[in-house]
Amino acid sequence: VGAIAAATSQVTEVPTDAASTAAVYQEHYARLVRLAFLMIGSQTAAEELVQDAFVKLQQRWRTVRDPAGYVTATVANGARSHLRRRRVEARWLGAERAAREGRDEASQPGPDPVWDTLGRLPRKQRVALVLRYHADQPDEEIAATLGVRPATVRSLIHRGLATLREETRDED
Amino acid sequence: MRTEDRLRQTLNEQAADVDVTPPPWAVVRGRARRSSMRRRAAVGVAGVLALAVGGMTVAGFNSGATRRVTTPPGGEATASRPSPTTSGPAASAPATPPAPSFGSTAPASVPPSGHAQLTSVDVAHHDGFDRVVFRFGSTGTGLPGYSIGFARGPLYHDASGAPVALEGSVAIVVKMVYATGGGTYHGPTTITPGLPSVLQLTQTGDFEGYLIWAIGLRAQAPFRVSALGGPDRIVIDIATP
């Protein structure tokens, strides 16, 4: 009986993945939702992405070395998938929706031309720009997240900035 | 102002506008637990045409997307009617069989009483999904049993073995058992709606009680299945991108 009791107590002493994930969650949730929002422009979808990222983190807790980095990368890649799906959807439903609502949403600029232009950039450029200029990540880290070479990241950022410069020139 | 600084400023302003209240961790964790349970359930039935066991599974869209749905012939929706597997000699048996009395050496078998009769196949786009509806006539046995899941290899026509030509990058195979379209289905056996998700449907078999259709999708997408009565129909909703 004593041996069984000892074994049981050993089992309960193992720290749970949930408790550790919860700590990371408390610390980074709000920051990640803001980051995801900047990448995809929808808060509801941003919260979904971030929650999914934490769910993944908990499932892989034992193999993840840098939890904060892992969730950030997961959110960035989730944002890219989201943007890809949304573009496919827009291509299919855009014409129909525009006809129904009698206007083209994209042709109505919002108050901030930089934000508007950011929303029209290719998704990799947008994600790279947000990681660089909001999360202040170095090229190497962005490259690892996007699965490309650092030189490609520099090129993505360069092209993104060039488009921003071009599109917002009139307002200066 | 430099473009970089304008961008930095815009990002900060936009981020500051986001009002975030983290939901309790337990709620998010609940999502994790549910999703892993679904995964385990999916593994349990995947790849098995378990028509003889299990109740009807009707679930919402699942991000896993490779789930397979199986029901016995005459599923939940037809519970009030004697189903093909229990008609015949066994139909009079009580719900809880008594201990067997070993009184006979005669063979035991339960012949099917008939077939579900397909009358129409419809496909249309709805908000967020494409819907495929297999409708069955009142002259048959109502709803057939079915097994619905993504194809795990090339498709071949039932009986002939000829390869199936189907548009799309992946296919959902809809296998209906004790079902036929013979004499009741007069529509085309290949339908090409070209919807956001569903590119083409084709009948790949109507042979020896197995009625099989394949749905060609643009890309793998989550789907959900409902079996409805009055009129009897199997409804497959496939999420659109």
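F134(B) and W213(B) are both buried, a term for under 20% relative accessible area, with over 50% called exposed and the range in between partly exposed (1.4 Å probe, protein chains only). The model is predicted: local features need pLDDT of at least 70, side-chain atom pairs count only at pLDDT 80 or more, and totals for chains, interfaces and linings use all residues. Residues are numbered from 1 along each chain as its sequence is written, chains are lettered from A and ligands numbered from 1 in the order in which they are written, and side-chain values use heavy atoms, leaving out hydrogens and water.

Over all chains there are six aromatic pairs. Rings of Phe, Tyr and Trp (its six-membered ring) pair if their centres lie within 6.5 Å; planes under 30 degrees apart are stacked, over 60 edge-to-face and the rest tilted. Y25(A) and F54(A) are edge-to-face because their planes stand at 80°, with ring centres 5.1 Å apart. Y25(A) belongs to helix α2 (residues 17-40) of chain A and F54(A) to helix α3 (residues 43-59) of chain A, so the pair ties together parts 29 residues apart in sequence. Helices here are DSSP runs (H or I, at least four residues), as are strands (E, at least two), numbered from the N terminus. Y25(A) counts as buried at 0% relative accessibility, and F54(A) also counts as buried at 0%.

In chain B, F134(B) and W213(B) form an edge-to-face pair, 5.8 Å centre to centre with 65° between the planes. This pair links strand β3 (residues 129-136), which holds F134(B), to strand β9 (residues 210-217), which holds W213(B), 79 residues apart.
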